[in-house]
Amino acid sequence: MMELVCPAGNFTSLKAAVDNGADAVYMGFNDHTNARSFSGLNFSDKQVDKAIDYARSRGKRVFVAINTYPHPARLATWEAAVDRAAAHRADALILADLGLMAYAAERHPLLPLHLSVQASATNLEALRFYTQNFGVRRAVLPRVLSMKQVAQLAAAAPCDLEVFGFGSLCIMAEGRCHLSSYVTGESPNIAGVCSPAKAVEWRETPQGLQTRLNGVLVDHYAAGENASYPTLCKGRFVVDGRRSHALEEPTSLNTLALIPELAACGVKAIKIEGRQRSPAYVAQVVATWRSALDEYFIHHSDGVTLDRKRREWDSSLRKHAEGVQTTLGAYDRVWQ
Amino acid sequence: MTIDENLQLRVTRLLGRVLRKAPRRPQALLASAALNRVLGEQIADGDMDFMAGKALAIQVRDLDLRWLIRFDGDRLRAAPAAAASDASISATPMEFLRLLARAEDADTLFFQRRLVIEGDTDFALNVKNVLDAVDDQSLPGPLPAALTVLRRLLRGGAAEAGKPQRAGKGVAP
């Protein structure tokens with residue numbers, strides 16, 4: 001069985017995740033120490049205790065994401081976050097920064113460490129480094145690898161592997177992206193958001209919906225056209241006289257079809273993206289993935305049954321997609 | 001079971017007539033009382049403090065209603081008003097009902113252009129996040145049960161109500 005790891009931006013979402021079949025939930029503190037740092041989102045110390053009690057009393061695990069890179073002048077905030085997670089007795093920390101990993105491994109040797117997707121570890125040597133030096137137990141793989149590459153890595157990996165199963169896709173320079181810093185002065189790696197909400201402006205005009213990031217026009221949606229998150233990478237720009245998604249088209253990943261292959265190669269966990277989204281999203285996406293995993297691992301359904309059911313699951317997931325479609329992302333790229 | 005579009009239209013028209021004819025002051029008092037009751041814990045915890053000195057507009061499309069919500073540091077006040085706001089959230093009555101019942105995710109509605117946010121985005125996002133964090137099962141009286149029924153009725157409506165969307169492919173200018 002693969003572990004279903006689900007997002008929780010607040011206690012209500014955590015309940016929705018646990019009640020709908022999550023095996024584990026990941027969450028962050030309400031500051032810049034995690035990569036979903038939005039106003040009103042994430043957990044205070046009081047809420048963390050409540051959340052961990054709720055999950056644990058139902059046999060579920062809670063991971064705390066401290067996956068941004070510490071601001072040099074405010075390292076103490078990040079170190080304190082590690083200590084707080086340990087004090088709350090989190091089941092694991094999800095970290096990206098080497099210094100924080102060293103700190104956590106030294107101060108809290110019994111606290112399991114997971115390598116965040118933000119660390120962008122895509123090869124065996126990188127995984128070995130993290131396991132040998134900090135005892136990292138699990139690595140979340142960046143969404144840049146093909147299925148074949150995931151399988152090759154899984155065959156020799158010195159730690160457990162977790163892969164993304166569903167959610168908004170990013171430009172895949174995870175942990176290294178400075179695009180939003182270019183227009184807003186804040187990058188997701190340190191400030192914890194791709195587009196700081198204070199820099200975002202939506203404006204309805206007779207020609208459609210305009211999105212601006214710190215005053216820079218990022219996209220312009222005609223009536224009836226789906227909108228996406230207001231990030232620079234998903235905007236449309238005129239390049240060589242042609243207007244297009246020059247960097248990346250907004251899409252959502254959906255890997256339901258890959259469950260048998262991921263299971264066969266020994267991937268231990270599936271991650272659902274979306275701590276910034278509502279309890280309604282968490283409930284619906286988690287319930288769908290729970291059904292799909294159970295159908296495969298518990299009911300051992302045959303390929304025909306799985307394909308038939310997958311059409312229903314896919315359609316219930318598709319409506320949550322950013323952009324107009326869901327894709328297999330890099331997993332099905334044969335040229336890699 | 002979901003509510004079909006015909007019924008949606010009829011409910012919307014009826015609601016519009018009732019709300020336009022009903023006296024404004026009692027409506028405002030009732031809405032304010034409800035808000036303070038539902039968000040009591042958030043107010044006590046200081047989670048609403050970001051609203052102090054700011055105004056949020058709720059615009060209900062089709063019904064031609066516009067309400068302003070303010071926080072005086074102690075209590076929330078809601079009233080129909082045309083005055084300027086720091087941020088506005090607009091949607092049809094059915095979409096607001098879906099959000100209220102937690103039948104639909106705000107970002108999903110936003111991607112599909114069924115929810116419009118204008119003005120101070122950080123402020124509007126904070127409102128959304130505080131509302132998401134309200135534990136609907138801990139609300140007073142019959143509200144949790146009512147919301148559960150409403151959620152069942154409305155869930156799935158999104159996929160049906162959503163018109164086929166045009167692909168956001170790049171086109172030459």
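This briefing covers two chains, their packing and their contact.

The model is predicted: local features need pLDDT of at least 70, side-chain atom pairs count only at pLDDT 80 or more, and totals for chains, interfaces and linings use all residues. Residues are numbered from 1 along each chain as its sequence is written, while chains are lettered from A and ligands numbered from 1 in the order in which they are written. Chain A is divided into domain 1 (3-169 + 251-332) and domain 2 (179-244). Chain B holds eight helices and five strands.

**Chain B**

- The order of elements along chain B is α-α-α-β-β-β-β-α-α-β-α-α-α. Helices (H or I, at least four residues) and strands (E, at least two) are DSSP runs, numbered from the N terminus.
- Of the 173 residues in chain B, 32% are buried. A residue is buried if 20 or more other C-beta atoms lie within 10 Å of its own, exposed if 12 or fewer, and partly exposed in between, with C-beta atoms placed from the backbone.
- Among contacts in chain B with a separation of 6 or more, 69% join residues 24 or more positions apart. Two residues are in contact if their C-beta atoms, placed from the backbone, lie within 7 Å.
- Helix α4 of chain B spans residues 93-100, and its buried residues include B:Met94, B:Glu95, B:Leu97, B:Arg98 and B:Leu99.

**Nonpolar cores**

- The largest nonpolar core has 116 residues, and A:Val25, A:Ile66 and A:Leu93 touch the most other members. Helix α10 (residues 279-297) of chain A gives this core its largest share, 10 residues.
- A second, separate core has eight residues, including A:Leu179, A:Ala199, A:Val200 and A:Leu213.
- A nonpolar core is a set of buried Ala, Val, Leu, Ile, Met, Phe, Trp, Tyr and Cys residues joined through C-beta atoms within 7 Å.
- Beyond its neighbours within four places in sequence, A:Val25 contacts A:Cys6, A:Ala8, A:Leu14, A:Ala17, A:Val18, A:Ala55, A:Lys60 and A:Val62.

**Helix pair in chain A**

- The axes of α10(A) and helix α11 (residues 303-318) of chain A come within 10 Å and cross at roughly 170 degrees. The two helices are therefore roughly antiparallel.
- Axes are lines fitted to C-alpha atoms, for helices over the stretch in contact, and angles run from 0 to 180 degrees between N-to-C directions. Angles under 35 degrees count as roughly parallel, over 145 as roughly antiparallel, 65 to 115 as roughly perpendicular and the rest as oblique.
- On the α10(A) side, the contact residues include A:Gln284, A:Val285 and A:Tyr296. They meet residues of α11(A), among them A:Leu306, A:Lys309 and A:Trp313.
- This contact of α10(A) with α11(A) has six nonpolar, four polar and two charged residues. Ala, Val, Leu, Ile, Met, Phe, Trp, Tyr, Cys and Pro count as nonpolar, Asp, Glu, Lys and Arg as charged, and the others, Gly among them, as polar.

**Domains of chain A**

- The domain centres, taken over C-alpha atoms, are 27 Å apart. Domain bounds come from an automatic or database domain assignment.
- In the contact, 14 residues of domain 1 meet 10 residues of domain 2.
- The domain 1 side has four nonpolar, eight polar and two charged residues.

**Contact between the chains**

- Chain B gives 37 residues to the contact and chain A gives 36 residues.
- On the chain B side, α5 (106-111), β5 (116-119), α6 (121-132) and α8 (157-161) each give two or more residues. The largest share, seven residues, comes from α6(B).
- By class, the chain B side has 17 nonpolar, nine polar and 11 charged residues.
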